[in-house]
Amino acid sequence: MKFGIIRERKSPPDKRVVFSPEKLKELVKLYPQATVKVEPSDIRVFNEEEYRGAGIEISSDLSDCDVLLGVKEVPVDALIPNKKYFFFSHTIKKQPYNQKLLQAVLDKNIDLYDHETIVDASNRRLIGFGRYAGNVGAYNGFRAFGMKYGLFDLPKAETLADKQALIAKLRKQVLPPIKIMLTGKGKVGMGVKEILDAIKIKEVPVEDFLNKTYTNPVYVQLDVLDYNKREDGKILDNNDFYTNPDAYVSDFERFTKAADIYMAGHFYGNGAPAILTREMLKAKDNRIKVVADISCDVNGPVASTVRASTIAQPFYGYNPHDGEEVDMFHPAAIAVMAVDNLPCELPKDASEGFGKMFLEHVIPAFFDGDKEGILKRAQITEQGRLTERFKYLKGYVNENHLTH
């Protein structure tokens, strides 16, 4: 089995890679029947010498590889026919901007596996960059707060070497006794928590967060039932919320009266109540000054996220009075951070962590007959057709599609 690590070709450039040199060295040691090639790249966070030093071949010709591994979407003209590809295709929600990509995958007889669709038997995602989005999102939230109020000036995350460097910078800042709330207990939420704990911000229970005054910064991590309640008043469990989101209304407003910074790291399901509404932000007793929306659902559950921001320009202002974007330093503005590709700012850590997950959860499936069904569940296309699990994409694929 021959694996090829492809060069990232999407713009803006992405420095991440599926495997670090160390993890590829480990892969070849664990599976002597595997061979690996790495396509040259001048933007990748690891250079070619580091791969060569790990005994990995560098080659511009990956045509003899069976499986090609990348991070972001591969441009249509760079797709090699009749191969197996792994990358984030951003097609499974019928994203219009990648419709042509999925059509080309089918036309070129490519077997496509999406990193997002790599799940266990219980449909839990096994690999992803969520933790690193949480790390950088938390850092950026503090950076926005420092800038907005002229308290401190943190450098951009992308200029720092790794997560430890982010933590070291944050530890040097003197924070006023602010209250931070975090939504989400998945990979993103835990990535935020990792940073808050590392810089010694104290975690407090919900009732204390709402009712007590502190002399140092504190944070609360909220689960879905902390900020949603059933309309009929019944108190059930998280599963009930996920199964019947339309039976719930938001109970988030009590937190907007207590928190200074909101870090959003939740997963938002269809039909769930909006979390932070325009009315809540407009209320006279709203205290929120910074929203770090790491989940970044534009025009979604967090009203201040009117657009995604970029690594180059990560912040904008939201005027709660008219619901419009304004300059971040406008006196009435709430500062918003809504970068949708945060892990790109931590490419080394993100690549090392991703490779660890990929080696643990995916690579064994190539050598054990896919006994756990990992590959089968993740496969979107096979021999020019959509697989059973992804048949729902048929209309999306056929729309405006002319085969040559």
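This is a predicted model: local features need pLDDT of at least 70, side-chain atom pairs count only at pLDDT 80 or more; totals for chains, interfaces and linings use all residues.
Select helix α4 (residues 130–148) together with α6, where Gly-130, Arg-131, Gly-134, Asn-135, Ala-138 and Phe-142 in α4 meet Lys-187, Val-188, Gly-191, Val-192, Glu-194, Ile-195 and Leu-196 in α6. Sorted by class, this contact of α4 with α6 comprises six nonpolar, four polar and three charged residues. If you draw the two axes, you will find them 6 Å apart, with the helices packed at an angle of about 50°, and α4 and α6 are therefore oblique to each other. The crossing of α4 and α6 is right-handed.

On the α5 side the contact is made by Lys-163, Ile-167, Leu-170 and Arg-171, and on the α6 side by Glu-194, Ile-195 and Ala-198. The residues of this contact of α5 with α6 divide into four nonpolar, no polar and three charged.

Now colour α5 by accessibility: which of its residues are buried? Lys-163, Ala-165, Leu-166, Ile-167 and Leu-170 of α5 are buried, and what covers them includes α4, α6 and α12 (347–361).

For the next stop, show the aromatic side chains, keeping in mind that a pair of rings is described by the distance of the centres and the angle of the planes. Rings of Phe, Tyr and Trp pair if their centres lie within 6.5 Å, and by this rule the count comes to 20 aromatic pairs. In one of them, Phe-145 and Tyr-149, the ring centres are 5.4 Å apart and the planes stand at 50°, so the pair is tilted. Then select Phe-3, Phe-19, Tyr-31, Phe-86, Phe-88, Tyr-113, Phe-129, Phe-354, Phe-358, Phe-366 and Phe-367, which ring pairs link into a cluster.

Move on to Lys-282, which lies in helix α11 (residues 278–282) and counts as partly exposed at 44% relative accessibility. Leaving aside residues up to four places away in sequence, Lys-282 touches Pro-320 and His-321. A distance drawn from the C-alpha atom of Lys-282 to that of Gly-323, which is 41 residues apart from it along the chain, reads 8.5 Å.

The last stops concern the backbone. In the loop between β1 (2–5) and α1 (21–30), centre on Pro-12, which is joined to Ser-11 by a cis peptide bond with omega at about 0°. Next select His-90, in the loop between β5 (84–87) and α3 (99–107), where phi is near 45°, a positive value in a residue other than glycine; at 21% relative accessibility, His-90 counts as partly exposed. Finish at Gln-383, in the loop between β17 (381–382) and β18 (385–386). Although Gln-383 is not a glycine, its phi is positive, at about 50°, and with a relative accessibility of 60% Gln-383 counts as exposed.

How values were computed. Residues are numbered from 1 along each chain as its sequence is written. Side-chain values use heavy atoms; hydrogens and water are left out. Contact means heavy atoms within 4.5 Å. Helices (H or I, at least four residues) and strands (E, at least two) are DSSP runs, numbered from the N terminus. Ala, Val, Leu, Ile, Met, Phe, Trp, Tyr, Cys and Pro count as nonpolar, Asp, Glu, Lys and Arg as charged, and the others, Gly among them, as polar. Rings of Phe, Tyr and Trp (its six-membered ring) pair if their centres lie within 6.5 Å; planes under 30 degrees apart count as stacked, over 60 as edge-to-face and the rest as tilted. Axes are lines fitted to C-alpha atoms, for helices over the stretch in contact, and angles run from 0 to 180 degrees between N-to-C directions. Angles under 35 degrees count as roughly parallel, over 145 as roughly antiparallel, 65 to 115 as roughly perpendicular and the rest as oblique. A crossing is left-handed if the near helix is turned anticlockwise from the far one by less than a right angle, and right-handed if clockwise. Buried means under 20% relative accessible area, exposed over 50%, partly exposed in between (1.4 Å probe, protein chains only).
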